[in-house]
Amino acid sequence: MKQKITSKLLCVVVTLCLLLLNSCEKDEKNEGITDDETYSCLIINMGNYSDANGGISALYTNGQVKNQLYQQANGEPLASIIESAVDCGSSWALLCSNEDKIELIDKRNFKSKAVIKGISIPRYGVSHNGYLYVKGFDSIAPDVIVIDYGLPVSISVLANDLFI
């Protein structure tokens, strides 16, 4: 009798182990970015103020989310706090406040195209007619019109008018 219970118990344990091991799936890693993938939403991870560890993620049309896309594409982290991103045609302009810079990255592969420095704490921006308008402190950079820092907390364009 004792041997029957032991063998039944052993059968149950082995069956449960096989079921558990069989149902496990390997977690998928970010496999990098390919030009044929299309994302439907860019996700800005601002990061911690004290750590400057902002990053970029994307939600793809197949439902997959990929993280740290800037780091994968450029081989190094952005190392900044990302306040916002502005659609600039074929590029994203990442407004990085703690580094006082705007990082222009390619929309398709997230590779850095240019860095505009010397803009004091860029936070909000809008692109219109080939220009990037940025709200920040006193500073001017090439091809960028910077609006002096003030009380407004956002800017937008409506019917060719810039509103602050």
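**An aromatic cluster and its strands**

Ring pairs link Tyr-39, Tyr-60 and Phe-110 into a cluster. The model is predicted: local features need pLDDT of at least 70 and side-chain atom pairs count only at pLDDT 80 or more, while totals for chains, interfaces and linings use all residues. Residues are numbered from 1 along each chain as its sequence is written, and side-chain values use heavy atoms, with hydrogens and water left out.

Trainee: Why is the pair of Tyr-39 and Tyr-60 called edge-to-face?

Mentor: Rings of Phe, Tyr and Trp (its six-membered ring) pair if their centres lie within 6.5 Å; planes under 30 degrees apart count as stacked, over 60 as edge-to-face and the rest as tilted. The centres of Tyr-39 and Tyr-60 are 6.0 Å apart and the planes stand at 75°, so the pair is edge-to-face.

Trainee: What makes the pair of Tyr-39 and Phe-110 tilted?

Mentor: The centre-to-centre distance is 5.4 Å, and the angle between the planes is 35°. Both Tyr-39 and Phe-110 are buried, where buried means under 20% relative accessible area, exposed over 50% and partly exposed in between (1.4 Å probe, protein chains only).

Trainee: Where in the chain do Tyr-39 and Tyr-60 lie?

Mentor: Tyr-39 lies in strand E1 and Tyr-60 in strand E2, so the pair ties together parts that are 21 residues apart in sequence. Helices (H or I, at least four residues) and strands (E, at least two) are DSSP runs, numbered from the N terminus.

Trainee: What makes Lys-66 a charge over the ring of Tyr-60?

Mentor: The rule asks for NZ of Lys or CZ of Arg within 6 Å of the ring centre and within 35 degrees of the ring normal. Lys-66 lies over the face of Tyr-60, at 5.3 Å from the ring centre. Likewise, the charged end of Lys-107 sits over the ring of Trp-92, 5.0 Å from its centre.

Trainee: How do you know that E1 and E2 pair?

Mentor: Two strands pair if DSSP finds at least two bridges between them. E1 (residues 39-45) and E2 are joined by six bridges in the antiparallel sense. One of the partners is Ser-57 in E2, which faces Ile-43 across a bridge.

Trainee: Why does Ile-43 count as partly exposed?

Mentor: Its relative accessibility is 27%, so Ile-43 counts as partly exposed. By contact (heavy atoms within 4.5 Å), Ile-43 touches Gly-55, Ile-56, Ser-57, Ala-58 and Leu-59, not counting residues up to four places away in sequence.
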